Amino acid sequence: MQHKKTTSLLLCALFTALVAMGAFIRIPTPLVPLTLQLWCTTMAGMLLGPKLGAISVLVYVLLGLIGVPVFTMGGGIGYIFQTTFGYLIGFIAGTGLTGLIVRKKEQPDVKWLLLAAFAGMFAVYIAGTAYCYLISRFVLGTGTAFWPLFVSCFILPFPGDAVLCVVSALLGKRLIPQIRSYLP
């Protein structure tokens, strides 16, 4: 049992590092640059489950908030005033939701994994959009109309993130049976 706890801790640390690296891996696309953070957080939920997956992303966020420059624009407690901080909160929730859905089936198929990945992605989008609206309107005083916010937070990133969800489901189908044997 101790072996599985140690393995769980190592896998959490690995995914914390992967999420941090994913923030800096940018794939240029015509409209919005695509980072691999969503893919890393989705894989954390699929492979580690809701609790360990969310913990690995939470540790990433906490590291950034204490000043380790793991966020795309640095780190520190002041990052909570960035309009994009809601996506970091969403990554935690999305990872947990993805893991919850995946764990509902003993042997999830690709369709089920796609459902889980898209549910997690929409949790990220909802948290990111809501936070961006609230921080813009009530803290920064700039305010943003709903439609431009919806376009920039949902429509533009959706095609690239949808591809990441498909890749996650295909990889998850192969990796979940391997990883589950190492987790408690």
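The model is predicted, so local features need pLDDT of at least 70 and side-chain atom pairs count only at pLDDT 80 or more, while totals for chains, interfaces and linings use all residues. Numbering starts from 1 along each chain as its sequence is written, and side-chain values use heavy atoms, with hydrogens and water left out.

**The core**

- The largest nonpolar core has 47 residues; such a core is a set of buried Ala, Val, Leu, Ile, Met, Phe, Trp, Tyr and Cys residues joined through side-chain atoms within 4.5 Å.
- Met46, Leu48, Tyr60, Phe71, Phe85 and Leu88 touch the most other members.

- Gln37 sits in helix 2 (residues 37-65).
- Gln37 has a relative accessible area of 7%, so it counts as buried (under 20%, with exposed over 50% and partly exposed in between, using a 1.4 Å probe and protein chains only).
- Its side chain makes a polar contact with the side chain of Tyr60 at 2.7 Å; that term means a pair of N or O atoms within 3.5 Å, where within protein one must be able to donate a hydrogen and the other to accept it, and residues adjacent in sequence count only if both atoms are side-chain atoms.
- Setting aside residues up to four places away in sequence, Gln37 touches Val19, Gly22, Ala23, Tyr60, Leu88 and Phe91 (heavy atoms within 4.5 Å).
- With neighbours within four places left out, the contacts of Tyr60 include Thr16, Gln37, Phe71 and Leu88.

**Helix 4 against helix 5**

- Helix 4 and helix 5 (residues 146-155) pack at about 145°, axes 10 Å apart; axes are lines fitted to C-alpha atoms over the stretch in contact, and angles run from 0 to 180 degrees between N-to-C directions.
- Phe122, Tyr125, Ile126, Thr129, Cys132 and Tyr133 of helix 4 meet Leu149, Cys153 and Phe154 of helix 5.

**Val139**

- Val139 belongs to helix 4 (residues 110-139).
- Because its relative accessibility is 46%, Val139 counts as partly exposed.
- Beyond its neighbours within four places in sequence, Val139 contacts Phe81 and Leu134.
- Val139 and Lys173 are 34 residues apart along the chain, and their C-alpha atoms are separated by 43 Å.

Methods: Helices (H or I, at least four residues) and strands (E, at least two) are DSSP runs, numbered from the N terminus.
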